[in-house]
Amino acid sequence: MSTDVKIPQAAPETHSATAKGIKLPIYMDNHATTPMDPRVLEEMLPYFMEKFGNSASRNHSFGWAAEEGVETARERIAKLIGATTKEVIFTSGATESDNLAIKGVAEMYREKGNHIITAVTEHKAVLDTCKRLEKYGYRVTYLPVQKDGLIDLDDLKRAMDDKTILVTIMYANNEIGVLQPVAEIGKLCHEKGVIFHTDATQAVGKVPVDVIKQNIDLASISGHKMYGPKGVGALYVRRKNPRVQISAIIDGGGHERGMRSGTLNVPGIVGLGKACAIALEEMPKESCHLAGLRNRLKDRIMGKLDEAYINGSMEHRLPGNLNISFAYVEGESLLMGINDIAVSSGSACTSATLEPSYVLKALGTGDDLAHSSIRFGFGRFNTEAEVDYVADRVIETVERLRELSPLYEMAKEGINLKDVKWAGE
Amino acid sequence: MSYSDKVIDHYNNPRNVGSLDKSSTDVGTGLVGAPECGDVMKLQIKVNRETNVIEEAKFKTFGCGSAIASSSLATEWVKGKTVDEALSIKNMDIVKELSLPPVKIHCSVLAEDAIRAAIGDWKKKQDIAKPVAAEAK
């Protein structure tokens, strides 16, 4: 006797997306990057052909015009995060800012100590930089996170010693959107005389960031995560209470107060500035909108599918992030089934290294559920109609793949998958 | 990464999805892989005990598109072959047929393992059945 399973066709055409006013493919991967806001592009354009001067050219109007654009941008960024203009320096992006902050502090405060504290869920730009410093003889503590993705402040306190010179903990996680208690971390650091850097790439422009109120000493910012251009970012470097100094990692001319040499990417910087100005004005309304979209998708999916698990704290989370594991279904095959929707997965099959998401592993999520995870990143240009379409497509694809799944079959038969001795282990 | 048309076809129209009766002596079941690795394949064959020809094959897979396609293709290929002929199916044949990129070759290896495991299970059942049959004579 055989049971033949009828697998419904994977056919997106039947959903008449165009009838619902939806343009395919749908982009819902705004943590990877964001489309540029048209207003940002408009602001940037004059700086390519007309105001094309080098902002460091002090002696003619071409330079002055470029400089003006840069300084306006600098003010806008400073305003968004509660800093002064002298505290904002421009880089090629958050990866460079992370490198500069961490290596810059490590070198500058070498005499004071050689211990750095970070967390296991940090972006590779932080983790790989720390690994490099370990090769140079620095000691790095990688704090674990709790099941909800947050660090334990007591762990941090215990990890600090008299050789600790830097704590680097990201404000918002790019995979699970979880928000760390930065104000408390900063307060603890200031009490102990330790510098606090936060990779704020996913947070700036999405949640309120105030470097003074939140006791932040260094913060990395990225243009392309906030509807600005790629290839540009910034680093906030505190000047008072305490004054933080960093060694440059790029030499050659002493631009940006000696902290970052190189001709400035003027159009990019102008774009970043405009993106910040828009965010400052629109953030409260937008974060409401994004949370609405996110909750709508979550409710629709969780309402229809069983054994779907949200990864990371829902309470301390970016409004536009959702990360769900669908038991018994592998992430890449799920993405293939919703190939008219752009999202990403924590599955090993989607990573270049064939390793499952280390962030999900750090939460204690089993590898099997890490392989089954999808990250949705809502953004400024997503709509409710898109959310409804995505929900339907995800639900039907998960159901379809579960019919294909030996794990689902075994679970339905009452077998506890954890008790099985797998051939591949 | 873009998939070959054949992988997409197998994904959208998988062949022979389902299950055979595990307890039957004519059925061999291969279960390979592990959930932690992101790949689990169950491949089952029903063999004609007179001719040793694989008359039916079914699969279920937890894994990426390439894994699903590899196991779907495996069931297509084993059907109509004798058990010994099926053992000659190599993973690189699957790679070539589906145009799998290097990073997905391991999916084809797992499919080959699944075929072998199913045949191995069936053979074990025949060995167990044989002494009983001899006694009955």
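Reader: Which residue is the bridge partner of A:Leu166 in β7(A)?
Author: A:Leu166 has A:Ile195 as its bridge partner in β7(A). Keep in mind that this is a predicted model, where local features need pLDDT of at least 70, side-chain atom pairs count only at pLDDT 80 or more, and totals for chains, interfaces and linings use all residues. Residues are numbered from 1 along each chain as its sequence is written, while chains are lettered from A and ligands numbered from 1 in the order in which they are written.

Reader: And how many bridges join β6(A) to β7(A)?
Author: Three, with strand β6 (residues 164-168) of chain A running parallel to β7(A). Two strands pair here if DSSP finds at least two bridges between them. Helices (H or I, at least four residues) and strands (E, at least two) are DSSP runs, numbered from the N terminus.

Reader: What unit do β6(A), α7 and β7(A) make?
Author: A right-handed β-α-β unit, with helix α7 (residues 182-192) of chain A between the strands. Right-handed means that, with the strands pointing away from the viewer, the path from the first strand over the helix to the second runs clockwise.

Reader: What about β7(A) and β8(A)?
Author: β7(A) pairs with strand β8 (residues 218-222) of chain A in the parallel sense, over three bridges. There, A:Thr198 has A:Ala219 as its bridge partner.

Reader: Is β7(A) buried or exposed?
Author: Mostly covered: five of its five residues, 195-199, are buried. Buried means 20 or more other C-beta atoms within 10 Å of the residue's own, exposed means 12 or fewer, and partly exposed is in between, with C-beta atoms placed from the backbone. On one side sit A:Ile195, A:His197 and A:Asp199, on the other A:Phe196 and A:Thr198, and all are buried.

Reader: Switching to chain B. What's the order of its elements?
Author: From the N terminus, α-β-β-β-β-α-α-α-α. That comes to five helices and four strands.

Reader: Why would you call β3(B) largely enclosed?
Author: Because eight of the nine residues of strand β3 (residues 39-47) of chain B are buried, the rest of the structure largely encloses it.

Reader: Which strands pair with β3(B)?
Author: Strand β2 (residues 27-34) of chain B pairs with β3(B) in the antiparallel sense over eight bridges. Strand β4 (residues 54-62) of chain B also pairs antiparallel with β3(B), over eight bridges.

Reader: Which turn residues have a positive phi?
Author: In the hairpin of β2(B) and β3(B), with four residues between the strands, B:Gly38 has a positive phi near 85°. The β3(B)-β4(B) hairpin has six residues between its strands, and B:Asn52 in the turn takes a positive phi of about 60°.

Reader: OK, how many residues of chain B are in contact with chain A?
Author: 28 residues of chain B, meeting 31 residues of chain A. Contact means C-beta atoms, placed from the backbone, within 7 Å.

Reader: Which element gives the largest share on the chain B side?
Author: β4(B), with five residues. The chain B side divides into 14 nonpolar, eight polar and six charged residues. Ala, Val, Leu, Ile, Met, Phe, Trp, Tyr, Cys and Pro count as nonpolar, Asp, Glu, Lys and Arg as charged, and the others, Gly among them, as polar.

Conventions. Two residues are in contact if their C-beta atoms, placed from the backbone, lie within 7 Å.
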